[in-house]
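Here is a short report on one protein model and its ligand. Keep the structure in view while reading.

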Amino acid sequence: MTQPSASALPGSPQLARRGSELWLEGCRLSDLAKVHGTPLFVYSKAAMRSALAAYQRGFAGRQSTIHYAMKANSSLAVLQVFASAGCGFDIVSGGELTRALTAGAEPGKIIFSGVGKTRAEMRQALQAGIGCFNVESEPELEVLSEVAQSMGLRAPVSIRVNPNVDAKTHPYISTGLKGNKFGVAHERTLAAYRRAASLPGLKVVGIDCHIGSQITETGPYLDAMDRVLELVEAIEAQVTRLAHIDFGGGLGINYKGDTPPEADALWQQLLAKLDARGFGDRHLMVEPGRSLVGNAGLCITEVQYLKPGEQKNFCIVDAAMNDLPRPAMYEAFHAIVPLTEREGADTTVYDVVGPVCESGDWLGRDRALAVQPGDLMAVLSAGAYCMSMASNYNTRGRPAEVLVDGEQAHLIRERETVEDQMRGERLVG
Ligand SMILES: *Cc1c(COP(=O)(O)O)cnc(C)c1O
């Protein structure tokens, strides 16, 4: 497998080679590594803003809200970029609610998804005055109504429906098929809406679906929209009017020559369908995560050792599955490129692996690289589902994070120390 050439780096246009050096916006990445050490996540503010702008163009002239699905990357300064651009947030826990509010989110623009919301999380969200609960089961409707009633409130709800369409993505990140735990089955939806409308602690405000992640084709979205609009017609005829329609997230990014539609082009097609079926006047909502941040970030890592072998050569780096779990979890591909190119040097094919004691600890397989110990490399397209999934396995501190904005580089999270990790633990006796 060959590396993408410098001119075809997946990632934002803000990432570019100048001579032999890799830059993100106006910052030379090797300088950032010198100052902050490695492994180091670096994000481009302009790249996030331009990914968001594609959605904003797509919805120009419509009543709409873009809810950043913050589990993709929940670092406070990243949330701040989106909050200050007027975004709402899609949260999946009470912890995420606290983060969103800390970063300046408007409570009314927060929506709460997830199959296992606890009573405590419901109370916290009702107290904060969030905009909508995306309810994922009939028992959850009952509990939410009870909790809201006990507070003298009515919880705004939409039901997440499972449209049973194949998003044609990895099984672990497909969520809209019958066999998975998300949403209310298509054929149960009307009954669930009737129940919701009858419960004293609920106020029905919308409908929601989310069919999966890293979707690179338009077809599954168009199919899901057809299925959802059939339901909207039935619900409105038989139960109640729906003020908003939420189409979830899931739009893919380019990791390795993938060619997902641009958000504005996708929405042009979806809006045409929506208008044709007479629902163009509804408040439209989306919940994108990966497509807003994935290609805005990368992870810098240092080559520790080169270890030639009979069957495989290993390039051992200082980032690992605890920092960047997607390859280990989903066999995901991330391009890996040297920060400083060694002009004219021969390449060797390596598996790029971390120091964690697991065979699953790899970042890239069969990569042709011209590197030496001490060289710095960038793992690309690492803005989404990397740092937010990082763990302390092997008692490794999570990496530091930097947000670049033009020529300025802001440290937005300090590297985690072993003391940070042991805080709260106790010896016995
Ligand atoms: C994860 C998630 C999203 C965001 O998915 P992306 O693929 O990152 O766009 C949106 N909605 C819900 C309910 C989710 O669970």
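This is a predicted model: local features need pLDDT of at least 70, side-chain atom pairs count only at pLDDT 80 or more; totals for chains, interfaces and linings use all residues.

## The ligand site

The ligand is surrounded by 14 residues, the closest being Lys-71, Ser-213, Glu-287, Arg-290 and Tyr-385.

Residues are numbered from 1 along each chain as its sequence is written, and side-chain values use heavy atoms, with hydrogens and water left out.

An N or O atom in the backbone of Arg-290 is 2.7 Å from a ligand oxygen. For a backbone N or O atom of Gly-289, the distance to a ligand oxygen is 2.9 Å. Taken alone, the ligand exposes 390 Å², and the protein buries 94% of that.

Two terms apply here. A polar contact is a pair of N or O atoms within 3.5 Å; within protein, one must be able to donate a hydrogen and the other to accept it, and residues adjacent in sequence count only if both atoms are side-chain atoms. Accessible areas come from the Shrake-Rupley method with a 1.4 Å probe; for residues, only the protein chains shown count as cover.

## Cavities

How many cavities of 30 Å³ or more does a search of the whole structure find? The search finds three. A cavity is a set of points, on a 1 Å grid over the protein atoms alone, where a 1.4 Å probe fits but cannot get out; lining residues have an atom within 4 Å of a point. Grid points are joined across faces, edges and corners, and a volume is the space filled by probe spheres set on the points.

The largest cavity has a volume of about 60 Å³. Its lining includes Tyr-55, Tyr-221, Phe-247, Trp-267 and Pro-288. That lining has eight nonpolar, three polar and no charged residues. The second largest cavity has a volume of about 50 Å³. Among its lining residues are Cys-209, His-210, Tyr-221, Met-225 and Phe-247. Seven of the lining residues are nonpolar, one is polar and none is charged. Helix α8 (residues 219-238) gives the largest share of this lining, three residues. Helices (H or I, at least four residues) and strands (E, at least two) are DSSP runs, numbered from the N terminus.

## The second largest pocket

This pocket has a volume of about 450 Å³. It is lined by 22 residues, and the closest to its centre are Ala-51, Ile-253, Glu-262, Ser-291 and Asn-295. The largest share, five residues, comes from α2. The lining counts 12 nonpolar, eight polar and two charged residues. A pocket is an open set of points with protein on both sides within 12 Å along at least five of seven lines.

## Strand pairing

An open sheet of three strands runs in the order β1-β2-β3, with antiparallel pairing. β1 (15-18) and β3 (27-28) stand at the edges with a single partner strand each, so one side of each lacks a neighbour in the sheet. Four bridges link β1 to β2 (residues 21-24). Arg-17 stands opposite Leu-22 in β2. Two strands pair if DSSP finds at least two bridges between them.

Further along, β15 (residues 314-317) and β17 (residues 348-353) run parallel, joined by three bridges. Ile-316 has Val-353 in β17 as its bridge partner. β17 also pairs with β18 (residues 362-369), in the antiparallel sense over five bridges. There, Val-352 has Gly-364 as its bridge partner.

## Backbone exceptions

Most residues other than glycine have a negative phi, and most peptide bonds are trans. The bond joining Thr-38 and Pro-39 is cis, with omega about -10°. Pro-39 sits in the loop between α1 (29-36) and β4 (40-44). Asn-164 has a positive phi, near 55°. Its place is the loop between β9 (155-162) and β10 (184-185).

Methods. A residue is near a molecule or strand if one of its heavy atoms lies within 4 Å of it. Ala, Val, Leu, Ile, Met, Phe, Trp, Tyr, Cys and Pro count as nonpolar, Asp, Glu, Lys and Arg as charged, and the others, Gly among them, as polar.
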